[in-house]
Amino acid sequence: MNLIVVGAQWGDEGKGKVIDVLSEDADILIRYQGGHNAGHTVIADGEEFVFHLIPSGLLHPGKVGLIGNGVVIDPAALLEEMGRLEARGIDVKRAVKISDQAHVIFPYHKRLDLLEESTRAGRIGTTGRGIGPCYVDKAARSGIRIGDLCGDGFPELLRRNVAEKNRLLRALYSEPPMSYEELLAQYRGYAKRLAPHVVHGPRFLREAMAQKKRLLFEGAQGALLDIDHGTYPYVTSSSATAGGACTGAGIPPTAIDRVIGVVKAYTTRVGEGPFPTEFSSELMERIRTKGKEFGATTGRPRRCGWFDAVVARHAVDVNGCDAVAVTKLDVLDDMETIQICVGYRDGSRTLDDVPADAALLERCRPVYESLPGWRSETGEASGFDELPAAAQRYLKRLEALLGVPICLISTGSKREQAFKVGCW
Ligand code: GDP
Ligand code: IMO
Ligand code: MG
(Lines give C-alpha, C1' and ligand atoms only; values in the text may rest on other atoms or scores of the structure.)
(Ligands and ions follow the chains in the order given, each with its own letter.)
Protein backbone atom coordinates (compact mmCIF):
# COMPACT_ATOMS: atom_id res chain seq x y z
CA MET A 1 0.00 0.00 0.00
CA ASN A 2 1.30 3.45 -0.93
CA LEU A 3 0.31 6.24 1.41
CA ILE A 4 0.63 10.02 1.47
CA VAL A 5 0.67 11.86 4.79
CA VAL A 6 0.08 15.61 4.60
CA GLY A 7 -0.33 18.53 6.94
CA ALA A 8 -3.96 19.65 6.95
CA GLN A 9 -3.53 23.05 8.65
CA TRP A 10 -0.66 25.58 8.57
CA GLY A 11 2.19 23.12 9.20
CA ASP A 12 3.65 21.69 12.44
CA GLU A 13 0.64 19.41 12.90
CA GLY A 14 2.85 16.61 14.18
CA LYS A 15 3.55 15.01 10.80
CA GLY A 16 6.98 13.84 11.97
CA LYS A 17 5.50 11.92 14.87
CA VAL A 18 2.72 10.40 12.73
CA ILE A 19 5.20 9.42 9.99
CA ASP A 20 7.44 7.81 12.59
CA VAL A 21 4.53 5.74 13.88
CA LEU A 22 3.32 4.75 10.39
CA SER A 23 6.83 4.00 9.11
CA GLU A 24 6.77 0.63 10.80
CA ASP A 25 4.50 -0.50 7.95
CA ALA A 26 6.50 1.11 5.12
CA ASP A 27 9.70 0.29 3.26
CA ILE A 28 10.57 3.50 1.40
CA LEU A 29 9.93 6.96 2.84
CA ILE A 30 9.83 9.93 0.52
CA ARG A 31 9.94 13.70 0.92
CA TYR A 32 8.50 15.37 -2.18
CA GLN A 33 8.47 19.15 -1.66
CA GLY A 34 9.74 21.95 0.53
CA GLY A 35 13.19 21.94 2.02
CA HIS A 36 14.81 22.62 5.37
CA ASN A 37 12.07 25.12 6.15
CA ALA A 38 10.39 21.97 7.48
CA GLY A 39 11.09 20.76 11.01
CA HIS A 40 9.59 17.36 11.81
CA THR A 41 10.07 16.16 15.38
CA VAL A 42 10.31 12.53 16.44
CA ILE A 43 10.81 11.48 20.04
CA ALA A 44 11.94 7.88 20.24
CA ASP A 45 13.69 6.06 23.09
CA GLY A 46 13.64 9.25 25.14
CA GLU A 47 15.60 11.22 22.58
CA GLU A 48 14.36 14.00 20.31
CA PHE A 49 15.34 14.15 16.65
CA VAL A 50 14.28 16.98 14.34
CA PHE A 51 14.24 16.08 10.65
CA HIS A 52 14.48 18.88 8.10
CA LEU A 53 15.22 17.22 4.75
CA ILE A 54 15.48 13.51 5.42
CA PRO A 55 12.19 11.60 5.77
CA SER A 56 11.08 11.23 9.38
CA GLY A 57 10.83 7.44 9.47
CA LEU A 58 14.55 6.75 9.26
CA LEU A 59 15.07 6.18 12.96
CA HIS A 60 13.54 2.75 12.35
CA PRO A 61 16.29 0.40 11.21
CA GLY A 62 16.24 -0.92 7.65
CA LYS A 63 14.19 1.88 6.07
CA VAL A 64 15.27 3.75 2.97
CA GLY A 65 14.53 7.44 2.47
CA LEU A 66 14.35 9.32 -0.84
CA ILE A 67 14.56 13.09 -1.15
CA GLY A 68 12.47 13.60 -4.26
CA ASN A 69 12.85 15.96 -7.21
CA GLY A 70 10.30 18.42 -5.81
CA VAL A 71 12.47 19.17 -2.77
CA VAL A 72 14.95 22.06 -2.67
CA ILE A 73 18.18 20.99 -0.99
CA ASP A 74 20.66 23.02 0.99
CA PRO A 75 23.65 20.64 0.90
CA ALA A 76 25.14 21.99 4.12
CA ALA A 77 21.86 21.39 5.98
CA LEU A 78 21.51 17.92 4.47
CA LEU A 79 25.05 16.88 5.36
CA GLU A 80 24.57 18.14 8.90
CA GLU A 81 21.39 16.08 9.21
CA MET A 82 23.09 13.01 7.77
CA GLY A 83 25.80 13.41 10.37
CA ARG A 84 23.25 13.54 13.19
CA LEU A 85 21.54 10.40 11.89
CA GLU A 86 24.86 8.60 11.59
CA ALA A 87 25.60 9.48 15.20
CA ARG A 88 22.33 7.71 16.08
CA GLY A 89 23.69 4.54 14.49
CA ILE A 90 21.80 4.75 11.17
CA ASP A 91 23.66 3.49 8.10
CA VAL A 92 23.19 6.73 6.17
CA LYS A 93 25.18 5.53 3.16
CA ARG A 94 22.58 2.87 2.54
CA ALA A 95 19.51 4.68 3.83
CA VAL A 96 19.55 8.11 2.17
CA LYS A 97 18.88 8.56 -1.56
CA ILE A 98 18.67 11.89 -3.36
CA SER A 99 16.95 12.56 -6.67
CA ASP A 100 19.27 13.99 -9.31
CA GLN A 101 16.43 16.34 -10.32
CA ALA A 102 16.08 18.06 -6.95
CA HIS A 103 17.14 21.72 -7.01
CA VAL A 104 20.02 23.08 -4.97
CA ILE A 105 19.86 26.03 -2.58
CA PHE A 106 22.85 28.41 -2.69
CA PRO A 107 23.79 31.16 -0.24
CA TYR A 108 22.48 33.78 -2.70
CA HIS A 109 19.00 32.26 -2.34
CA LYS A 110 19.16 32.72 1.40
CA ARG A 111 20.43 36.29 1.05
CA LEU A 112 17.66 37.16 -1.39
CA ASP A 113 15.05 35.55 0.88
CA LEU A 114 16.17 37.74 3.79
CA LEU A 115 16.49 40.88 1.65
CA GLU A 116 13.04 40.40 0.11
CA GLU A 117 11.55 39.94 3.56
CA SER A 118 13.20 43.06 4.96
CA THR A 119 12.27 45.29 2.06
CA ARG A 120 8.87 44.17 0.81
CA ALA A 121 5.64 45.74 2.00
CA GLY A 122 3.66 42.98 3.71
CA ARG A 123 6.33 40.47 4.69
CA ILE A 124 5.50 36.76 4.70
CA GLY A 125 7.52 35.80 7.75
CA THR A 126 9.50 33.15 5.87
CA THR A 127 11.96 30.81 7.56
CA GLY A 128 14.77 32.70 5.78
CA ARG A 129 16.22 29.49 4.37
CA GLY A 130 16.24 30.54 0.70
CA ILE A 131 13.32 28.27 -0.17
CA GLY A 132 11.25 30.78 -2.20
CA PRO A 133 14.15 32.16 -4.27
CA CYS A 134 15.34 28.63 -5.10
CA TYR A 135 11.86 27.71 -6.43
CA VAL A 136 11.88 31.02 -8.36
CA ASP A 137 15.05 29.89 -10.17
CA LYS A 138 13.51 26.47 -10.80
CA ALA A 139 10.44 28.05 -12.43
CA ALA A 140 12.64 30.51 -14.33
CA ARG A 141 14.62 27.54 -15.65
CA SER A 142 17.91 28.84 -14.36
CA GLY A 143 18.14 26.60 -11.30
CA ILE A 144 20.96 24.15 -10.61
CA ARG A 145 19.95 20.59 -9.83
CA ILE A 146 21.71 17.89 -7.81
CA GLY A 147 22.65 16.15 -11.07
CA ASP A 148 24.20 19.39 -12.33
CA LEU A 149 26.04 19.92 -9.05
CA CYS A 150 27.68 16.53 -9.43
CA GLY A 151 28.37 16.93 -13.16
CA ASP A 152 31.05 18.54 -15.35
CA GLY A 153 28.91 21.49 -16.37
CA PHE A 154 28.59 22.79 -12.79
CA PRO A 155 31.32 25.50 -12.89
CA GLU A 156 29.77 27.17 -15.93
CA LEU A 157 26.22 27.00 -14.56
CA LEU A 158 27.36 28.45 -11.25
CA ARG A 159 29.37 31.20 -12.95
CA ARG A 160 26.28 32.32 -14.86
CA ASN A 161 24.06 32.25 -11.80
CA VAL A 162 26.48 34.05 -9.52
CA ALA A 163 27.00 36.79 -12.12
CA GLU A 164 23.25 37.26 -12.43
CA LYS A 165 22.64 37.27 -8.68
CA ASN A 166 25.48 39.71 -8.13
CA ARG A 167 23.88 42.09 -10.63
CA LEU A 168 20.61 41.76 -8.74
CA LEU A 169 22.22 42.24 -5.31
CA ARG A 170 23.99 45.39 -6.48
CA ALA A 171 21.23 46.99 -8.53
CA LEU A 172 18.25 46.24 -6.33
CA TYR A 173 19.72 46.14 -2.84
CA SER A 174 23.13 47.90 -3.10
CA GLU A 175 24.64 44.78 -1.53
CA PRO A 176 28.21 43.50 -1.94
CA PRO A 177 28.74 40.68 -4.49
CA MET A 178 29.34 37.00 -3.71
CA SER A 179 32.54 35.20 -4.65
CA TYR A 180 32.18 32.68 -7.44
CA GLU A 181 35.47 30.95 -6.56
CA GLU A 182 34.52 30.45 -2.93
CA LEU A 183 31.09 29.07 -3.82
CA LEU A 184 32.60 26.75 -6.42
CA ALA A 185 35.08 25.28 -3.96
CA GLN A 186 32.46 24.92 -1.23
CA TYR A 187 29.85 23.26 -3.44
CA ARG A 188 32.37 20.97 -5.15
CA GLY A 189 33.14 19.66 -1.68
CA TYR A 190 29.43 19.03 -1.08
CA ALA A 191 29.06 17.34 -4.48
CA LYS A 192 31.78 14.85 -3.62
CA ARG A 193 30.02 13.87 -0.41
CA LEU A 194 26.51 13.74 -1.85
CA ALA A 195 27.30 11.96 -5.16
CA PRO A 196 27.16 8.41 -3.72
CA HIS A 197 23.53 9.04 -2.67
CA VAL A 198 22.24 10.33 -6.00
CA VAL A 199 19.65 8.28 -7.91
CA HIS A 200 17.12 8.74 -10.70
CA GLY A 201 14.07 9.26 -8.48
CA PRO A 202 11.20 8.01 -10.67
CA ARG A 203 13.19 4.93 -11.67
CA PHE A 204 14.14 4.20 -8.09
CA LEU A 205 10.47 4.29 -7.08
CA ARG A 206 9.30 2.33 -10.12
CA GLU A 207 11.70 -0.47 -9.26
CA ALA A 208 10.65 -0.36 -5.61
CA MET A 209 7.00 -0.66 -6.60
CA ALA A 210 7.81 -3.57 -8.92
CA GLN A 211 9.29 -5.32 -5.87
CA LYS A 212 6.06 -4.59 -3.97
CA LYS A 213 7.78 -2.25 -1.53
CA ARG A 214 5.41 -0.01 0.43
CA LEU A 215 5.90 3.70 -0.12
CA LEU A 216 5.14 6.41 2.42
CA PHE A 217 5.17 9.98 1.13
CA GLU A 218 5.78 12.68 3.73
CA GLY A 219 4.34 16.10 3.04
CA ALA A 220 6.04 19.13 4.54
CA GLN A 221 4.24 22.32 5.63
CA GLY A 222 0.46 22.06 5.31
CA ALA A 223 -2.45 22.59 2.93
CA LEU A 224 -2.97 26.18 4.05
CA LEU A 225 0.67 26.92 3.20
CA ASP A 226 0.38 25.33 -0.25
CA ILE A 227 1.36 27.68 -3.08
CA ASP A 228 -2.04 27.17 -4.77
CA HIS A 229 -4.44 26.08 -2.07
CA GLY A 230 -3.11 28.03 0.90
CA THR A 231 -3.74 31.54 2.16
CA TYR A 232 -1.80 33.14 -0.72
CA PRO A 233 0.46 35.13 -0.59
CA TYR A 234 1.12 33.99 3.00
CA VAL A 235 2.25 30.55 1.87
CA THR A 236 5.39 28.62 1.06
CA SER A 237 6.58 28.18 -2.54
CA SER A 238 5.75 24.53 -3.16
CA SER A 239 2.83 22.12 -3.50
CA ALA A 240 2.34 20.88 0.04
CA THR A 241 -0.87 19.02 -0.80
CA ALA A 242 -1.14 15.38 -1.88
CA GLY A 243 -0.98 16.22 -5.59
CA GLY A 244 2.57 17.43 -5.00
CA ALA A 245 3.65 13.88 -4.20
CA CYS A 246 3.14 12.82 -7.81
CA THR A 247 5.06 15.66 -9.43
CA GLY A 248 7.52 15.96 -6.57
CA ALA A 249 8.56 12.32 -6.59
CA GLY A 250 7.77 11.22 -10.14
CA ILE A 251 5.03 8.69 -9.45
CA PRO A 252 1.64 8.48 -11.16
CA PRO A 253 -1.57 9.37 -9.24
CA THR A 254 -2.76 5.81 -9.86
CA ALA A 255 0.06 4.53 -7.63
CA ILE A 256 -1.44 6.18 -4.54
CA ASP A 257 -3.74 4.08 -2.37
CA ARG A 258 -4.47 6.38 0.54
CA VAL A 259 -4.07 9.91 1.80
CA ILE A 260 -4.00 10.81 5.49
CA GLY A 261 -4.22 14.40 6.71
CA VAL A 262 -2.67 15.36 10.03
CA VAL A 263 -4.40 17.92 12.24
CA LYS A 264 -3.68 19.23 15.69
CA ALA A 265 -6.63 19.18 18.09
CA TYR A 266 -6.34 22.99 17.87
CA THR A 267 -4.58 25.19 15.30
CA THR A 268 -1.18 26.89 15.03
CA ARG A 269 0.55 29.00 12.45
CA VAL A 270 4.05 30.56 12.21
CA GLY A 271 4.72 33.71 10.25
CA GLU A 272 2.29 36.26 8.92
CA GLY A 273 -1.12 35.81 7.37
CA PRO A 274 -4.80 35.45 8.27
CA PHE A 275 -5.74 33.16 11.16
CA PRO A 276 -9.44 33.50 12.06
CA THR A 277 -9.43 31.42 15.26
CA GLU A 278 -6.27 32.92 16.76
CA PHE A 279 -6.41 33.18 20.57
CA SER A 280 -6.22 36.40 22.50
CA SER A 281 -3.26 36.74 24.83
CA GLU A 282 -4.32 34.73 27.91
CA LEU A 283 -5.30 31.53 26.08
CA MET A 284 -2.38 32.03 23.65
CA GLU A 285 0.14 31.85 26.49
CA ARG A 286 -1.60 28.91 28.13
CA ILE A 287 -1.69 26.73 25.00
CA ARG A 288 1.70 27.85 23.73
CA THR A 289 3.28 26.82 27.02
CA LYS A 290 1.39 23.56 27.41
CA GLY A 291 1.87 22.58 23.75
CA LYS A 292 5.50 23.83 23.61
CA GLU A 293 4.51 25.78 20.54
CA PHE A 294 7.87 27.06 19.38
CA GLY A 295 9.15 26.39 15.85
CA ALA A 296 11.23 23.24 15.32
CA THR A 297 13.24 25.05 12.63
CA THR A 298 13.47 28.69 13.68
CA GLY A 299 12.43 28.56 17.35
CA ARG A 300 9.83 31.29 16.70
CA PRO A 301 6.76 31.25 18.95
CA ARG A 302 3.83 29.75 17.07
CA ARG A 303 0.52 31.57 16.95
CA CYS A 304 -2.19 29.38 18.48
CA GLY A 305 -5.99 29.21 18.10
CA TRP A 306 -9.05 26.95 18.29
CA PHE A 307 -9.61 24.12 15.83
CA ASP A 308 -10.86 25.58 12.57
CA ALA A 309 -13.08 23.01 10.87
CA VAL A 310 -13.45 25.22 7.77
CA VAL A 311 -9.68 25.17 7.28
CA ALA A 312 -9.37 21.43 7.99
CA ARG A 313 -12.34 20.59 5.76
CA HIS A 314 -10.74 22.56 2.92
CA ALA A 315 -7.55 20.54 3.47
CA VAL A 316 -9.46 17.24 3.48
CA ASP A 317 -11.11 18.26 0.20
CA VAL A 318 -8.06 19.39 -1.77
CA ASN A 319 -5.97 16.45 -0.54
CA GLY A 320 -8.70 13.86 -0.94
CA CYS A 321 -7.96 12.63 2.58
CA ASP A 322 -9.35 9.18 3.35
CA ALA A 323 -8.85 9.81 7.06
CA VAL A 324 -7.19 12.19 9.49
CA ALA A 325 -4.73 11.73 12.34
CA VAL A 326 -5.38 14.00 15.32
CA THR A 327 -2.39 15.06 17.41
CA LYS A 328 -1.84 16.98 20.64
CA LEU A 329 -5.20 16.08 22.16
CA ASP A 330 -3.45 16.13 25.55
CA VAL A 331 -2.74 19.86 25.20
CA LEU A 332 -6.48 20.51 25.66
CA ASP A 333 -6.68 18.27 28.76
CA ASP A 334 -7.32 21.05 31.26
CA MET A 335 -9.67 23.24 29.22
CA GLU A 336 -13.04 23.96 30.76
CA THR A 337 -14.71 24.58 27.40
CA ILE A 338 -13.44 23.91 23.89
CA GLN A 339 -14.48 25.83 20.81
CA ILE A 340 -14.61 24.64 17.23
CA CYS A 341 -14.93 27.08 14.35
CA VAL A 342 -17.68 25.82 12.04
CA GLY A 343 -18.00 28.80 9.70
CA TYR A 344 -17.05 32.44 9.20
CA ARG A 345 -18.98 35.65 9.22
CA ASP A 346 -18.07 38.71 7.16
CA GLY A 347 -20.57 41.37 8.20
CA SER A 348 -23.96 39.80 7.58
CA ARG A 349 -22.56 37.22 5.15
CA THR A 350 -21.76 33.64 6.23
CA LEU A 351 -18.95 31.63 4.62
CA ASP A 352 -18.44 27.89 4.84
CA ASP A 353 -15.21 27.66 2.82
CA VAL A 354 -11.78 29.30 2.97
CA PRO A 355 -11.94 32.30 0.64
CA ALA A 356 -9.13 32.78 -1.89
CA ASP A 357 -8.73 36.41 -0.85
CA ALA A 358 -6.43 36.69 2.19
CA ALA A 359 -7.77 40.16 3.02
CA LEU A 360 -11.30 38.78 3.19
CA LEU A 361 -10.20 35.89 5.40
CA GLU A 362 -8.43 38.41 7.64
CA ARG A 363 -11.76 40.23 8.07
CA CYS A 364 -13.76 37.06 8.76
CA ARG A 365 -14.97 36.37 12.28
CA PRO A 366 -15.26 32.73 13.34
CA VAL A 367 -18.59 31.15 14.18
CA TYR A 368 -17.99 28.84 17.13
CA GLU A 369 -19.60 25.77 18.54
CA SER A 370 -18.77 25.09 22.21
CA LEU A 371 -18.14 21.68 23.72
CA PRO A 372 -17.34 20.81 27.32
CA GLY A 373 -13.70 19.97 28.10
CA TRP A 374 -12.74 16.67 29.79
CA ARG A 375 -10.42 18.05 32.46
CA SER A 376 -8.43 14.89 32.91
CA GLU A 377 -5.23 13.49 31.45
CA THR A 378 -5.24 11.61 28.14
CA GLY A 379 -1.50 10.89 27.87
CA GLU A 380 -1.78 7.28 29.07
CA ALA A 381 -4.71 6.26 26.86
CA SER A 382 -4.00 3.39 24.51
CA GLY A 383 -7.36 3.20 22.77
CA PHE A 384 -10.38 5.34 21.91
CA ASP A 385 -12.48 3.73 24.65
CA GLU A 386 -9.94 4.78 27.27
CA LEU A 387 -10.42 8.46 26.48
CA PRO A 388 -12.74 10.51 28.71
CA ALA A 389 -16.30 10.72 27.35
CA ALA A 390 -16.00 14.45 26.57
CA ALA A 391 -12.80 13.83 24.57
CA GLN A 392 -14.57 11.10 22.61
CA ARG A 393 -17.41 13.52 21.94
CA TYR A 394 -14.99 16.19 20.73
CA LEU A 395 -13.28 13.77 18.34
CA LYS A 396 -16.60 12.45 17.05
CA ARG A 397 -17.67 16.02 16.34
CA LEU A 398 -14.44 16.65 14.40
CA GLU A 399 -15.08 13.52 12.34
CA ALA A 400 -18.61 14.69 11.54
CA LEU A 401 -17.42 18.17 10.54
CA LEU A 402 -14.58 16.83 8.37
CA GLY A 403 -16.60 14.04 6.81
CA VAL A 404 -13.81 11.45 7.19
CA PRO A 405 -12.84 9.06 9.98
CA ILE A 406 -10.03 9.59 12.46
CA CYS A 407 -7.41 6.89 11.94
CA LEU A 408 -4.85 7.77 14.59
CA ILE A 409 -4.85 9.76 17.83
CA SER A 410 -1.77 11.17 19.50
CA THR A 411 -1.86 12.21 23.15
CA GLY A 412 1.77 13.06 23.81
CA SER A 413 5.03 13.72 22.03
CA LYS A 414 6.57 10.27 22.60
CA ARG A 415 6.37 7.50 20.03
CA GLU A 416 4.32 5.33 22.43
CA GLN A 417 1.72 8.05 23.00
CA ALA A 418 -0.35 7.30 19.90
CA PHE A 419 -2.86 4.66 18.92
CA LYS A 420 -4.58 3.66 15.72
CA VAL A 421 -8.34 3.80 15.53
CA GLY A 422 -10.74 1.61 13.59
CA CYS A 423 -9.44 -0.67 10.86
CA TRP A 424 -6.38 1.41 9.91
P1 GDP B 1 5.58 18.68 12.02
O2 GDP B 1 6.30 19.81 11.36
O3 GDP B 1 4.19 18.54 11.51
O4 GDP B 1 6.32 17.38 11.98
O5 GDP B 1 5.44 19.08 13.56
P6 GDP B 1 6.61 19.69 14.50
O7 GDP B 1 7.57 18.61 14.84
O8 GDP B 1 7.14 20.93 13.91
O9 GDP B 1 5.75 20.14 15.75
C10 GDP B 1 4.99 19.25 16.48
C11 GDP B 1 5.44 19.32 17.94
O12 GDP B 1 4.48 18.68 18.75
C13 GDP B 1 6.74 18.59 18.21
O14 GDP B 1 7.41 19.24 19.25
C15 GDP B 1 6.28 17.20 18.66
O16 GDP B 1 7.22 16.57 19.50
C17 GDP B 1 5.03 17.56 19.41
N18 GDP B 1 3.96 16.55 19.39
C19 GDP B 1 3.56 15.72 18.38
N20 GDP B 1 2.46 15.03 18.75
C21 GDP B 1 2.16 15.43 20.00
C22 GDP B 1 1.11 15.11 20.91
O23 GDP B 1 0.22 14.32 20.64
N24 GDP B 1 1.12 15.76 22.11
C25 GDP B 1 2.08 16.66 22.46
N26 GDP B 1 1.99 17.26 23.65
N27 GDP B 1 3.07 16.98 21.63
C28 GDP B 1 3.11 16.39 20.41
P1 IMO C 1 6.68 21.88 8.69
O2 IMO C 1 6.99 20.91 7.57
C3 IMO C 1 5.10 25.78 9.73
C4 IMO C 1 5.87 29.01 6.86
C5 IMO C 1 6.78 30.13 7.29
C6 IMO C 1 6.17 31.27 6.51
C7 IMO C 1 5.78 30.61 5.19
C8 IMO C 1 6.80 30.78 4.08
O9 IMO C 1 7.59 21.74 9.85
O10 IMO C 1 5.25 21.82 9.03
P11 IMO C 1 9.19 29.71 3.60
O12 IMO C 1 10.47 29.76 4.39
O13 IMO C 1 8.70 28.33 3.35
O14 IMO C 1 9.26 30.53 2.35
O15 IMO C 1 8.10 30.45 4.54
O16 IMO C 1 5.64 29.24 5.48
N17 IMO C 1 6.47 27.64 6.98
C18 IMO C 1 6.11 26.77 7.92
N19 IMO C 1 5.27 26.88 8.97
N20 IMO C 1 5.71 24.61 9.47
C21 IMO C 1 6.54 24.47 8.41
O22 IMO C 1 7.05 23.28 8.04
C23 IMO C 1 6.81 25.59 7.60
N24 IMO C 1 7.56 25.81 6.51
C25 IMO C 1 7.33 27.06 6.14
O26 IMO C 1 6.71 30.35 8.70
O27 IMO C 1 4.99 31.70 7.12
MG1 MG D 1 7.38 21.50 11.88
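The shell around ligand 1 takes at least three residues from each of domain 1 (3–102 + 197–259) and domain 3 (263–420), with domain bounds that come from an automatic or database domain assignment. This is a predicted model, in which local features need pLDDT of at least 70 and side-chain atom pairs count only at pLDDT 80 or more, while totals for chains, interfaces and linings use all residues. Residues are numbered from 1 along each chain as its sequence is written, ligands are numbered from 1 in the order in which they are written, and side-chain values use heavy atoms, leaving out hydrogens and water.

**Ligand 1**
- Among the 20 residues around ligand 1 (a heavy atom within 4 Å), those that come nearest are Lys15, Gly16, Thr41, Asp330 and Ser410.
- In a polar contact (a pair of N or O atoms within 3.5 Å), a nitrogen atom of ligand 1 is 2.8 Å from an N or O atom in the side chain of Asp330, and an oxygen atom of ligand 1 is 2.7 Å from a polar backbone atom of Lys15.

**Ligand 2**
- Around ligand 2 there are 20 residues, of which Asp12, Lys15, His40, Thr127 and Thr236 come nearest.
- An oxygen atom of ligand 2 lies 2.6 Å from a polar side-chain atom of Thr127, and an oxygen atom of ligand 2 lies 2.9 Å from a backbone N or O atom of Gly39.
- On its own, ligand 2 exposes 550 Å², of which the protein buries 98%, with areas taken from the Shrake-Rupley method with a 1.4 Å probe.

Definitions and conventions: Polar contact = N/O pair within 3.5 Å; in protein donor to acceptor, adjacent residues only side chain to side chain.
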